[in-house]
Amino acid sequence: MDVRTFIAGWPVYRQLTGADPLGRGAAAKSKGSAELVARTETADRVARSVCPYCAVGCGQRVFVKDERVVQIEGDPDSPISRGRLCPKGSASRSLVTGPLRQKKVLYRRPYGTDWEELDLATAMDMIADRVVAARAATWEDRDPAGRPLNRTLGISGLGGATLDNEENYLIKKLFTAIGAIQIENQARI
Ligand code: SF4
């Protein structure tokens, strides 16, 4: 590269000699940034969704390439959020693709000092056994005046905000059916 070409590439030279005297546009842009292509431009398709993290329910556009989520952005058509996402919603791509995401059941025994992996069927059986035992031990048929209660205070439910509407509906149905009355969701807190 000759000296003239080299100097012509300096941002300050381009700022002083070009059409961007304040250096806030083309003069400040490097060759590397000029060649960048947004993931949204190369996506194969865009799916519409709703941010799962809180009860605001901001609209999202999910950009997919090669059947993998490559970007999630706010949906300008959403009357709720009009294209905006808070930092949690903006980072929700990692909910799907994050390498730290746990995909196996981890269990730490009482007095245990480390986590151990369990297969899902074993974990589900253990949970079911505990629910049945807690319900039997704490069931309240009637209050001291003899009025019917049909409840247990020994079981409560706290849903996570990444559960979807359908999952929360089923969780509420299940917990109510077994007599629990303390049923909440993190998204309402
Ligand atoms: S977590 Fe943020 S982006 Fe998601 S629904 Fe709530 S306010 Fe909207």
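**Strands, pocket and backbone**

Tutor: Cys58 is buried, with a relative accessible area of 17%. Please bear in mind throughout that the model is predicted.

Student: Is Cys51 buried or exposed?

Tutor: The cut-off for a buried residue is a relative accessible area under 20%. Cys51 has a relative accessibility of 11%, and therefore Cys51 counts as buried.

Student: How many disulfides does a search of the whole structure find?

Tutor: A disulfide requires two cysteine sulfur atoms within 2.5 Å. With that criterion, the number found in the whole structure is 0.

Student: Which residue in E2 is the bridge partner of Ala47?

Tutor: Strands of a sheet pair through backbone hydrogen bonds, in a parallel or an antiparallel manner. E1 and E2 (residues 59-65) take the antiparallel sense, over 6 bridges. The bridge partner of Ala47 in E2 is Val62.

Student: Do E7 and E8 run parallel or antiparallel?

Tutor: Gly159 stands opposite Asn185 in E8. There are 5 bridges that join E7 to E8, and the direction of the two strands is parallel.

Student: Which residue in E7 stands opposite Arg142?

Tutor: E6 (residues 139-142) and E7 run antiparallel and are joined by 3 bridges. The hairpin of E6 and E7 has 5 residues between the strands, and Gly146 in this hairpin takes a positive phi near 90°. Opposite Arg142, the residue in E7 is Pro148.

Student: What is the volume of space in the largest pocket?

Tutor: Rolling a probe the size of a water molecule over the atoms shows where empty space is left. The lining of the largest pocket consists of 23 residues, and those nearest its centre are Leu163, Asp164, Asn165, Asn168 and Asn185. The space in this pocket is about 550 Å³.

Student: Which element supplies the largest share of the lining of the largest pocket?

Tutor: Strand E7 (148-159), helix H8 (165-177) and strand E8 (180-185) each contribute at least two residues to this lining. The largest share amounts to 5 residues, and the element that supplies it is H8.

Student: Is Arg82 buried or exposed?

Tutor: Arg82 lies in the loop between E3 and helix H5 (87-90). Although Arg82 is not a glycine, its phi is positive, at about 50°. An exposed residue is one over 50% relative accessible area. Because its relative accessibility is 57%, Arg82 counts as exposed.

Student: What is the relative accessibility of Tyr111, which counts as exposed?

Tutor: Tyr111 is placed in the loop between strand E4 (105-107) and strand E5 (116-118). Its phi is near 70°, a positive value in a residue other than glycine. Tyr111 counts as exposed because its relative accessibility is 84%.

How values were computed
Residues numbered from 1 in each chain as written. Predicted model: local features only at pLDDT ≥ 70, side-chain atom pairs only at ≥ 80, totals over all residues. Heavy atoms only, no water. Pairing = 2+ DSSP bridges. Helix = DSSP H or I, 4+ residues; strand = E, 2+ residues; numbered from the N terminus. Buried < 20%, exposed > 50% of the residue type's maximum accessible area, 1.4 Å probe, protein only. 1 Å grid on protein atoms, 1.4 Å probe; cavity = no way out; pocket = protein on both sides within 12 Å on 5 of 7 lines; lining within 4 Å. Points joined across faces, edges and corners; volume = space filled by probe spheres on them.
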